[in-house]
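Please look over the sequence and the model below before reading on. The report that follows takes up charged pairs and a pocket.

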Amino acid sequence: MASLSSATVPVAIILSWVFLSLVVGVLAGIKRKFSLEGYLVSGRSLGLIFLYVLMAGEIYSAYAFLGTGGWAYSYGMPIMYAIGYGALAYAFGYFYAKYVWKAGKAFGCVTQADYFQARYDSKLLAILVALIGIIFNVPYLQLQLQGLGYIIHVGSLNTISIKTGIIVGMVIMLIYVYTSGLRGIAWTNFLQALLMFIVAWAVLFAIPFKQFGGIGNLFNTLAQTKPDHLVLHPPLGTAWYVSTLILSGLGFFMYPQMYPSIYSAKDLKTLKKNYVLLPLYSIFMIPVILAGFTVAALGLTLATPDEAVLKAVEISYPSWVLGIVGAAGFAAAASTASAIILTLAGLLSKNLYTIIKPEASDKELVLVSRVSVILFGLAAMLLALYAPGRLVALLLLAYSGITQMFPGAVLGLFWKRMNKYAAGAGMIAGLLTITYLKFIVKSNPLGIHFGLWGLLVNFIVTVIVAYATKPDENFEKFKVAFA
């Protein structure tokens, strides 16, 4: 363990950034009285800059900043799916998000479940969507908290434990999300997204040059020391790579936290510009992955592989640089975790609490949302403390469940026969399939990711039930929003 004096500077840098995030997040909402729409979707008022950093911060998380490097270190080339699926996701998002935004404005939606209720006029289906969103987003939230723990642990040169790091990060996020809602997240993400991008290119990209003299030499060394890292091979072979890329690309816009962000855009023109520019941000994962490859090529053995990026910085730079990278890692984890917590709170208050108390006032729903923020944060913190998992594995588990909403969300836009029975039956069939494959079979048949098998069964059941039941009478009413 490093001496306290050598850890003082990086710890001070990380904690200073944490404190700055707290101050900015709280100032964004202090002395404001929020309506539910103001608290969850910032009053549908965000311009291009705040919308861009809000989404970039939400999307690129501890998984992107630490997890991708950790998988590059452990498995090599399979992690390149993370670069590939963005092309599919953003191309789809450019066309899909405008429908979500228009429906949100026309029907007053503030959550993903609201969107399904507006389309299918079914509270029961909205409840199912809310429950799927909550259950499968918890692993994604857990992922962020574990990332926070790793960052503070390594950034402090092991003087602060992972568990302490998780608790500190969680408490800071809970304070500013409770106080300022989505507005606080957008303000803090302005700082977080900027720091992540700069650190990735200014610090991480130079690591292969420092250790090997260049990227070419890095891969030449890998070819000699770990040749398996440069090819796809079972169980993470070509079938796994392609199926995981498709699963992630289609599921990307099914995450519940994407919907409030889309609703928050002030107009459609701003939203479209945002989706044209977002892919540029994704290239920051390239230096992160190269840092993971560097640690693998050096032959270092890590007890916690997801700390590979931080280890690469530790061996390449003086300790104060580790503090800056640690701050960027905190930014990556906190920006996504805070959005997830707020989204889960919105689903619980708007789509589940109102079943128990339909006459609940807007003020009461804001209070329930705030209390839910604390409850979800504490639940995820306990999971991160006592049931940790690999970051990428947690992400892919979340994708497997979330993607089961894809047929109901997309086919419902254009297909008149698509109704609530088909959407619900498809989701349940997909979830049963992934549960069976993940927890009973415990494998990916034919090397194809179990989540994609679930989506295939989902589509088949959806189409069969749609043709076996009457077309949805609410379809024409819903389409009016797009006129």
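## A buried aspartate and its partner

D472 is buried, with a relative accessible area of 10%, where buried means under 20% relative accessible area, exposed means over 50% and partly exposed lies in between, as found with a 1.4 Å probe on the protein chains only. This is a predicted model, in which local features need pLDDT of at least 70 and side-chain atom pairs count only at pLDDT 80 or more, while totals for chains, interfaces and linings use all residues. Residues are numbered from 1 along each chain as its sequence is written, and side-chain values use heavy atoms, with hydrogens and water left out.

The side chain of D472 meets that of R119 in a salt bridge (3.0 Å, N to O), a term that stands for a side-chain nitrogen of Lys or Arg within 4 Å of a carboxyl oxygen of Asp or Glu. Because D472 lies in the loop between α21 (450–468) and α22 (475–479) while R119 lies in helix α6, the pair ties together parts that are 353 residues apart in sequence. Helices here are DSSP runs of H or I with at least four residues, numbered from the N terminus. R119 also counts as buried, at 1% relative accessibility.

## Further salt bridges

Side chains of opposite charge can pair when their charged atoms come close. The structure holds five salt bridges, and one of them joins the side chains of K350 and D114 (3.2 Å, N to O). K350 lies in helix α16 and D114 in helix α6, so this pair links parts that are 236 residues apart in sequence. D114 is buried, with a relative accessible area of 7%, whereas K350 is partly exposed at 24%.

E364 forms a salt bridge with K357, and their closest N and O atoms are 3.0 Å apart. K357 is partly exposed, with a relative accessible area of 29%.

## The largest pocket

About 330 Å³ of space lies in the largest pocket, and of the 16 residues that line this pocket, the closest to its centre are D114, Q117, A118, K123 and K350. A pocket is an open set of points on a 1 Å grid over the protein atoms alone, where a 1.4 Å probe fits and protein lies on both sides within 12 Å along at least five of seven lines; lining residues have an atom within 4 Å of a point. Grid points are joined across faces, edges and corners, and the volume is the space filled by probe spheres set on them.

Which helix supplies the largest share of the lining? That share, four residues, comes from α16, and α6 (112–120), α7 (123–155) and α16 (319–356) each supply at least two residues.
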